[in-house]
Each structure stands twice: as structure tokens, then as C-alpha cells.
Amino acid sequence: MDEHLVSILTNIGGFTFIALSAYLLLLTGEISFGQQAFFGIGAYFSGIVTAMWGLSMWAAIPLTMLAAAFSAGLVGIITIRLRGLYFSIATLAFAEMVRLALVGTTWQVKIDGEMIGPNGSEGLGNIRWALDNNIEANDFMWIVLITLAIVMGLFFLMERSRLGSIFRTIGADRLLAETQGINVTAYKVAATALAGAIASLGGIFYAHAQTHVYPENFDVMLGVHSLAYGLIGGLGTALGPLLGVILDIGFLEAVEWVQGYRMIAFGGLVAVLLIFMPRGILDERRVHRLRMAFRTRKTEPPPAKTHDPAAS
Amino acid sequence: MLSVRGLEVSYGKIRAVQGVDLEVGEGEIVALIGANGAGKSSTLRAICGIEKVAAGTVSFKGEDITNLPSHVVLGKGIAQVPEGRMIFGNLTIEENLRLGGLRRSEEKIDTAIADMVDMFPQLRDRLSERGSALSGGQAQMLALARGVIARPDLLLLDEPALGLAPKTAGEIFDIIRGLRDRGLTIALVEQNLRQALAVADRGYVVESGRIVLEGTSGDLLANDYLHEAYLGVKREEA
């Protein structure tokens, strides 16, 4: 496969995880400007696990997701009384704290004569697990895409389960959700932790694809993009954030003649969609119609067999 | 079944409920009647844990449930149908109904939904439609059905006929009567004196956060003060 295409598909996969994490919080009615923090924690923590501790990426994935879920859960508990704009500002502040902490952190150890580890604004390099294990870019892309398919599958199952209804219910009306016997506080902390873990997956793959990450990779623009992906693609299904990422990275970033104007086009797209489709292209109403149409088609009886004398 | 003693609810410096005492017995329909801002809904919301109780106690089946979170109160057997026909417009009607039975098994919810569509035939063919597609009356029926699916011992209804056409409001009160006949205990908040007392066994009249009158529906309907204050007519004219 063409190298450029492999790189784009790997990026689409990686950034869809952070888009899904922002989408999960949007379902519960919260706008987080801080999901880049958990993407960054994912990149750094997994990089430390593979480059400094010498473990495989497969070991780094659960460890990193647990660490990200724990830190996100803490943020969820601290911000549980905050809603709306206040929650958004708190998450943004947390993400900036994480980024600045990474800028200020130097923790390097000598491994095989090389200094390895976070080095302030110079970032964390030598994340060579994929190279050392002869995993080609093409194979790495499939690892990312298959993991994404699994996560998307879990999202589809979740959305059809009680848990999905509970998250959407909390997002629609927190008070009404409480009167339905839903422990809103517990579910919101759980959603925040889960979203953190999902965002970290994107960071893990990003770090191991790039081999070197910098604190500036996880700035506020990444958080804004992760939110915008769901708002563009739609909040009716987990396919919405994926569609948003495909439109941005797959089209605006990949197509040469748009590249110089990418941010202008992206900003314009977000503005237009917020006016005409405030809950995105695949919003709840459109997704419901599609589901109904699909169900009707599936339940329609097959056409009656007629005898055609001319054929016999 | 439900006993409220000296209940007080405050919003900042405003005391919306000031020492309310009320009782709801098993199998009864009890109405809280009063004008807008009298403190009826605040009382109901404090009972089910949505508003903080500043003073007083709420006990249910002999157990103190004062200031328990609303999801715990529901677990004790008190369901609430809030004011304004609050349903989830983005969820289908079936998903709305299923939310009512979050604490029940899937099979029991299936049976309960079948039971509810028998009681509310308007919903039968519309289970896969979104809640936002329903009219006001149908949305209220869905909200009622969702409350009943939780299989509560006590159902709290906050202005179930608010903003509905008289015919639809009549249907809603018929359904409420039907629920009582099935053994459900109901506490009802309502502004419409006649409609509320026509369906209730007993009533409390709330003014400025206090109970000013209480009695059986017959006694209250015969009360001269209520006729003048709420119906705007002297009893001889009514």
C-alpha cells in the first residue's frame, strides 16, 4: 500500500480514539476541552513502558489505559459538581497542567549508552518498539485499525445496551435521569474514566508510530479537534466521530490542494454544521431514520415468485 | 405509607416550604392543591430526594428517607413523574419505557412493557418512534407508563394535566384512577382543584409553603374558602 495512504489511515485510526473519548463525554452532556491530556498521558506513559522499562506495546496498552482511566477518574471526581462551561474550563485547565508538567519534567536513564526518558520540551524519544520488532508501517496500520474496529464494536454494543441509554439520558436531562433511579454521579465518573482510557489508546499508537513525542503535540488544538470531530460527524452514533476524523484527516489534510487552507476549511465546516446541523451529520434523528429504513427493508417479505411462461 | 413531618425547603433565603406535615396511606390518592409557587412541587421534589430538606423528616414505610439521593429513594419504592411531561425525545418510546425499569430484569421489563401498551394503547404501534414525535397527551401517557414500569409502591405525579386539552386531561385522570384501582398509591400535585379532588380521596391545600386546609375530597369541595379562592365563585353559584 502507498506509504502516504498508510500514514493517513494510521492517523485516522489514532485520532478516532480521542474523538470517541470526547464523543462519550458529549453523550453524557459534558463538553471536555481536555481529552488531549489523556492522549498525552497515553503517549508518554506507554513510551516510558516500552522505551525505558523494555516491555512490549501489548503490555503497555492495558497498563497505560489503567493509568489514564485512573487519572481521568480523579478529574471526574474533582469536577463532579461542575457543569457546562465550568466543566469545560476545568478540563482545559487540567490538560494545560499536564502539558506544562511534561515540559517541566526531565527523567532520563542511560540504556545501552543512550539517555532515554522524558526530557522537558525536547519530549520523549526512542520509542522504538515497532522498529525493534520489525513491524512495518503497513502492519502497524492494521494493528491500529483492528483495535479501532474492536473499540467501535464495543461502542455499538454499549449504545444498544442499558448503559448507552443511561449515558444519553444523563446527557439529555441530568435531573430527569436522577428521577429514573440513575446514580448520575457514579455514571459520570465512570464515563470520564472510560473516556480517558479510550483517549490514551490514541496516544499509545501515536507515540509508537512517531517514535518521538513532544508536550506541544498535546496542546489545546488537539482537544478542540477531538470535540469538533464528534460535532461534525454527528452525535447519533459512534460512526459520527469517525466520519469527522475522515473528513478532516482523510480529506482536508490528505488532499494536496486543500492543505494550505486546512484550518480555514475545518473552521468553516464546523461553523456551517453548527448552524445547520447542530448535532452533526449523523445526528440522532438521521440515525434513527436510517435504522428504521434498514429494519423495514430487513422485515419486508421477499417478492412473490411468479411464473413467466416466456422463460420456460 | 408516607409520613412527612415539619418539612422545610429553602432556595437561598427564600423558604419555599415551611413546616409541611402530610400523610399518604396505602391505596390512597392524595392531592396537594395550590397556586403557582405555593410550594407543592418543592414538597414533592424534597420527598423524592431532588431538593434538599432543610428541616423536618420524610419517612416511608416506617423508614427515614430524608435527604436520600433520588436513585436510592426510587429503590425504596417511590417513583416520580416530573412536571412538564419530561420524556427523552432522543430515545425511542420503547427505550423511554425501559429506562423506567432499570432496576428490573429484561424479561420483567418486556412483560411490563406489554402490560403498559395494553393500558396505553396509543403507544402500542409507536414503540420504535422517537419520544419527540409524541403529542403532549401521548408524552404524558409515556411519562406515566415509565413511572409505573418501575413498579413503585408510591407514585408521585407533578401536575400531570398541565397544558393539556380538557379531553386529554380527562383521559389522564381516568388513567390515574385506573392505576389506583390496580393498587398503586398516588400523591398528586395539581393546580386544578376540581380535577384533582374528583380523582383524589383526600387533599391538602398549600399556600405560601404551608398547609392551610386538609380533608377528604368531599369536605374540601364543600369548603366555602376554596370555592372563593380557587374557583372564583361563591358556593351557592357553583
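The model is predicted, so local features need pLDDT of at least 70 and side-chain atom pairs count only at pLDDT 80 or more, while totals for chains, interfaces and linings use all residues. Residues are numbered from 1 along each chain as its sequence is written, chains are lettered from A in the order written, and side-chain values use heavy atoms, leaving out hydrogens and water.

Let's start with the open sheet of chain B, where six strands line up as β6-β7-β8-β3-β9-β10 with mixed pairing. Strands here are DSSP runs of E, at least two residues, and helices are runs of H or I, at least four, numbered from the N terminus; two strands pair if DSSP finds at least two bridges between them. At the edges sit β6 (78-81) and β10 (210-216) of chain B, each pairing on one side only. Inside chain B, β7 (154-158) and β8 (185-190) run parallel over five bridges, with L157(B) opposite L188(B).

Now for the salt bridges (a side-chain nitrogen of Lys or Arg within 4 Å of a carboxyl oxygen of Asp or Glu). In helix α3 (93-100) of chain B, E94(B) and R98(B) lie four residues apart, about one turn, and they form a salt bridge at 3.1 Å between the closest N and O atoms.

Over in chain A, E284(A) bridges to R279(A) at 2.7 Å between the closest N and O atoms. E284(A) counts as buried because its relative accessibility is 7%, whereas R279(A) is partly exposed at 34%. Buried means under 20% relative accessible area, exposed over 50% and partly exposed in between, with a 1.4 Å probe and protein chains only.
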